[in-house]
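Q: I have a structure to look through and would like to go over it step by step. Could you take my questions as they come?

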Amino acid sequence: MASKGRTPFDVCTVGADATTLMRHGSSVGSSANLALVANRKIAAGERIYMDHALISLTRDKSLSLDAQVSTALNTLSSPSFSKKSSLFWSLSPSSNVSMPDSPRRKGVSIFKKHGLVCADSTLAVFYLSSVIRHSCAPNVVIHDMSVDVVVAHAVREIPEGTELSRARIPLNMCYHRRQHNYVAKYSTHCSCWHCIKCDKNPRYLHKDDEYRESIGSMAAKLEANSAPWSQAEILTGLNLVTVLELGYGDPQYDGFCDVNLLKTTHMRLCKFLLHHKEMQGAFKHLRHVAGYSALLTGATSEQTRRYYK
C-alpha cells in the first residue's frame, strides 16, 4: 500500500479489502453493503482521494440522455478502455434474470444514479465517488477540478472505522422533502443513519427540520437577488452564516453544514462591506472565506488555522 495521504486507500471497503477494490471492485453495485470506510483518523479538510472519470459526456439539451449515453458507451468498447469498462459496468446492480437489461439501459441507469455534473456542464461517472453512499449528514464533500477529475475532502474529522458518506440530493430541506427527492431519484427511501434517527426521535426530527428549513429559506431569499444586497438582505446573510456555523460546530446537529454555502455567503458579505468601505468587517468575513475555502480544497485543520492567521 502506498504512503498515507497519497492514495485512495486511506479508505477501504466494507466486505472487501483494499486490494480487491484496487483490482476493480467487481462486487460494487451488486452488494448494497459495500461502502468506503476510513482505516485511520482523517483530519478535517484532508484530501481523501482524487478520482478520474470512467466516462464523460457534454450534455446537449437537444438530444436525450439515452442517445448521448449510447454514443459515449461506444468508447468503452475499445481495448484501451478495458479497465475503465470493467469498473463502469460493476456499478450496475444485478439484472433481473427474467428481464435482463440491455447495455444501453444499464448505462443510462448508471449515469442517472452516479453521474456528477462537472465543469462546462459535463456529466461524468467516477468510480470511488460512486461507491461512497449517501447520507443526509455527510462527512465528505466532492468537487470538480476539471471536466474529468474530482477530489474528495473530509468536511470534518472522521474517526477510524467511520463510513465515508456524501450528499447525493440537496440537504437544506425537511426530512419529508429529502425523502421525496431521494425516492424520485433512486426509487427507494433514504435509510442513512441520520434519517433513521429522525424517524425514531420526533423531537430530534422537529429540531433538525427547523434548522434545515431555516437555512433553505434564507438561502433562497439571497439566491433570488444577484444584485448588491439591501440592508435587509445583509441581515439575512448574517443570520444565515450564524445558523450554518452553529450547525458546523454544535454536536446536536451531528456536524451537518453546507460548507460551500457558508463560504459563498461570507464572500458576498465581504463584497458588500468592501463596497461600503467597511474594511474591518470585510476583513473578518474574508478570513472566513479563506478558512472554508481551505477546508473545501484540501487543507487540514492545522493548515486552515494558518489561513485564518
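The questions and answers below go through this predicted model.

Q: To start, how many helices and strands does the protein chain have?
A: The secondary structure of the protein chain comes to 12 helices and nine strands. The model is a predicted one.

Q: And what share of the residues count as buried?
A: Of the 309 residues in the protein chain, 44% count as buried. As for contacts with a separation of 6 or more, 65% of them are between residues 24 or more positions apart.

Q: Let us turn to the sheet. In what order do the five strands of the open sheet come?
A: The order is β4-β5-β3-β8-β7, and the pairing is antiparallel.

Q: Which strands stand at the edges?
A: β4, residues 116-117, and β7 do. Each has a single partner strand, so one side of each is left without a neighbour in the sheet.

Q: What holds paired strands of a sheet together, in general?
A: Strands of a sheet pair through backbone hydrogen bonds, either parallel or antiparallel.

Q: How many bridges are there between β3 and β5?
A: Five bridges link strand β3 (residues 47-58) with strand β5 (residues 122-126), in the antiparallel sense. Within this pairing, Thr 58 stands opposite Thr 122, and Ala 53 has Phe 126 as its bridge partner.

Q: What about β4 and β5?
A: Those two strands run antiparallel and are joined by two bridges. Leu 116 stands opposite Ala 124 of β5. β4 and β5 form a hairpin with four residues between the strands, and Asp 120 in this hairpin takes a positive phi near 55°.

Q: Is β5 enclosed or open to the outside?
A: Five of the five residues of β5 are buried, so the strand is largely enclosed by the rest of the structure. Both of its faces are covered: Thr 122, Ala 124 and Phe 126 are buried on one side, and Leu 123 and Val 125 on the other.

Q: Which helix lies across β3 and β5?
A: Helix α3 (residues 82-90) does, running at about 95° to β3. Helix α4 (residues 103-114) also packs on the sheet, where it touches β3, β4 and β5, and its direction makes about 95° with that of β5.

Q: Going to the other end of the sheet, how is β7 joined to β8?
A: Five bridges join β7 to strand β8 (residues 149-154), and the two run antiparallel. They form a hairpin with four residues between them. Asp 144 has Val 150 in β8 as its bridge partner.

Q: Where is Ala 119, and what does it touch?
A: Ala 119 is in the loop between β4 and β5. Leaving aside residues up to four places away in sequence, Ala 119 touches Asp 144, Ser 146 and Val 147. Ala 119 and Met 145 are 26 residues apart in sequence, while their C-alpha atoms are 7.9 Å apart in space. With a relative accessible area of 25%, Ala 119 is partly exposed.

Q: New topic: is Asn 139 buried or exposed?
A: Asn 139 is buried, because its relative accessible area is 5% and buried means under 20%. This residue is found in the loop between β6 (133-134) and β7 (140-144).

Q: What does its side chain come up against?
A: A polar atom of the Asn 139 side chain lies 2.9 Å from the backbone nitrogen of Ser 165. Beyond residues up to four places away in sequence, Asn 139 has contacts that include His 153, Arg 156, Thr 162 and Leu 164.

Q: How many disulfides are there?
A: The structure holds zero disulfides. Cys 195 is in none, and the nearest cysteine sulfur, that of Cys 136, is 3.6 Å away. At 1% relative accessibility, Cys 195 counts as buried.

Q: Which residues of α7 are buried?
A: His 194, Cys 195 and Cys 198 are buried in α7. Seen down the helix axis, the buried residues of α7 fall within an arc of 95°, so they line one face of the helix. What covers them includes α6 and α8 (202-223).

Q: And what is on the face turned away from the buried side?
A: That face of α7 carries the exposed residues Asp 199 and Lys 200.

Conventions. Residues numbered from 1 in each chain as written. Predicted model: local features only at pLDDT ≥ 70, side-chain atom pairs only at ≥ 80, totals over all residues. Heavy atoms only, no water. Buried < 20%, exposed > 50% of the residue type's maximum accessible area, 1.4 Å probe, protein only. Polar contact = N/O pair within 3.5 Å; in protein donor to acceptor, adjacent residues only side chain to side chain. Contact = heavy atoms within 4.5 Å. Disulfide = S-S within 2.5 Å. Pairing = 2+ DSSP bridges. Axes fitted to C-alpha atoms, helices over the stretch in contact; angles between N-to-C directions. Arc of directions from axis to C-beta.
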